[in-house]
Amino acid sequence: MNHYFVTVFLFLFLLFGIPSSFSLDFSNSEDLQTENQNNDQQTQKTEEVDEAKEWISLFDGKSLTPWVDSGFVGGGKIEVVDEAIQLGTGVMGTAIRYEKEGEPFPQMNYEIEYEARRMSGVDFFAALTFPVGETFCSFINGGWGGTVVGISCIDGFDASENSYSKYLAFKDKIWYKFRILVVPDRIIVWIDDQEVINVPLEDHLLSTRIEVEYCKPIGFSSWVTSGQIRNIRYRLINNEQHSN
C-alpha cells in the first residue's frame with residue numbers, strides 16, 4: 001500500500017511539477033522554532049513594560065515652558081505653532097533644552113518618544129541630546145545633507161562617521177515618530193515603530209559634539225533647518241523587563 005501512494009505522488013510530481021513559489025527547506029526548522037519562541041518572549045516583555053509604566057508628558061502643546069532657548073548665536077526663532085514647538089532656521093543651529101526645577105530627567109532606564117517633521121532645509125530638524133548614565137549623546141535625524149541617521153558621538157566619531165548610522169530619506173512636512181530606549185547595555189532607536197539603530201554600550205565611549213553642549217541634560221536642535229516637534233513624552237523602564 002505504501003508503494004502505491006509513493007508511486008501516485010511521484011506521478012503527480014512529474015505531471016504537474018512544483019510551483020516556483022513553493023519550497024521545502026527544513027534545515028533551519030529548529031532555529032526558526034527557537035526564534036519564534038524568543039520573539040514571543042520579547043513581545044510579552046514589551047507588553048509588560050507597557051502595562052507597568054505610564055508616559056509623562058514634557059510638552060502641553062501650548063507653552064514653551066519648561067523648554068528654554070539653548071542660546072545658539074544666530075539661532076532661529078523658537079515658538080509654538082499648531083501645538084508644536086517650531087525651531088526656526090538659524091544661521092547655524094537652533095536649539096532648546098528642558099529645564100523644570102525639582103524634576104530632573106532620568107539618566108538611565110527610560111525611553112523618550114516624540115514626533116517631528118522638517119519644514120524646510122536639508123539637515124537635521126529635531127536632533128535629541130539625552131543622558132546615558134553619567135554621559136550624554138545625540139540622536140541625529142537627517143544630518144549631513146538630510147539623510148544621516150545615527151548617534152553622535154560613539155568613540156569620538158559622530159553620526160556621519162561611526163558604523164551604527166543609517167542613510168534614510170525624510171520628506172518635508174511629514175510627521176515621523178521617534179522613540180529612544182536607554183538601558184545599561186544599549187541604546188535602541190525606532191522611527192515609526194521600526195528599529196533603525198541598536199548600539200551596545202559595552203566597550204563604547206559616548207559623547208556629544210561641542211555645538212549641543214547647552215542642550216544638556218536633554219534638548220532638541222536643528223541645523224540651518226526649520227523643524228517642528230510635538231507629543232514629547234518619556235517613561236521609566238524596569239531594566240529586567242526591557243526588550244532587546
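Predicted model: local features only at pLDDT ≥ 70, side-chain atom pairs only at ≥ 80, totals over all residues.
1. Residues are numbered from 1 along each chain as its sequence is written, and side-chain values use heavy atoms, with hydrogens and water left out.

2. Strand β5 (residues 93–98) also joins β14 through 5 bridges, again in the antiparallel sense. Arg 97 sits opposite Gly 219 of β14. How many of the residues of β5 are buried? The count is 6 of 6, so the strand is mostly covered, where buried means under 20% relative accessible area, exposed over 50% and partly exposed in between (1.4 Å probe, protein chains only). Gly 93, Ala 95 and Arg 97 point one way, Thr 94, Ile 96 and Tyr 98 the other, and all are buried.

3. The structure holds 0 disulfides, a disulfide being a pair of cysteine sulfur atoms within 2.5 Å. For Cys 137, the closest cysteine sulfur is that of Cys 153, and at 9.0 Å it is too far for a bond. Cys 137 is buried, with a relative accessible area of 0%, and Cys 215 is buried too, at 1%.

4. Two cis peptide bonds deserve a glance in the viewer. One joins Ser 152 and Cys 153, with omega about 0°; Cys 153 lies in the loop between β9 (148–152) and β10 (166–167). Another joins Lys 216 and Pro 217, with omega about 5°, and Pro 217 belongs to the loop between β13 (194–200) and β14 (219–223).

5. Finally, which backbone angle stands out at Asp 192? Its phi is positive, about 50°, although the residue is not a glycine. Asp 192 is in the loop between β12 (186–191) and β13 and is partly exposed, with a relative accessible area of 41%. Asp 193, in the loop between β12 and β13, has a positive phi of about 70° and is not a glycine either. Asp 193 is exposed, with a relative accessible area of 52%.

Note on methods: Helix = DSSP H or I, 4+ residues; strand = E, 2+ residues; numbered from the N terminus. Pairing = 2+ DSSP bridges.
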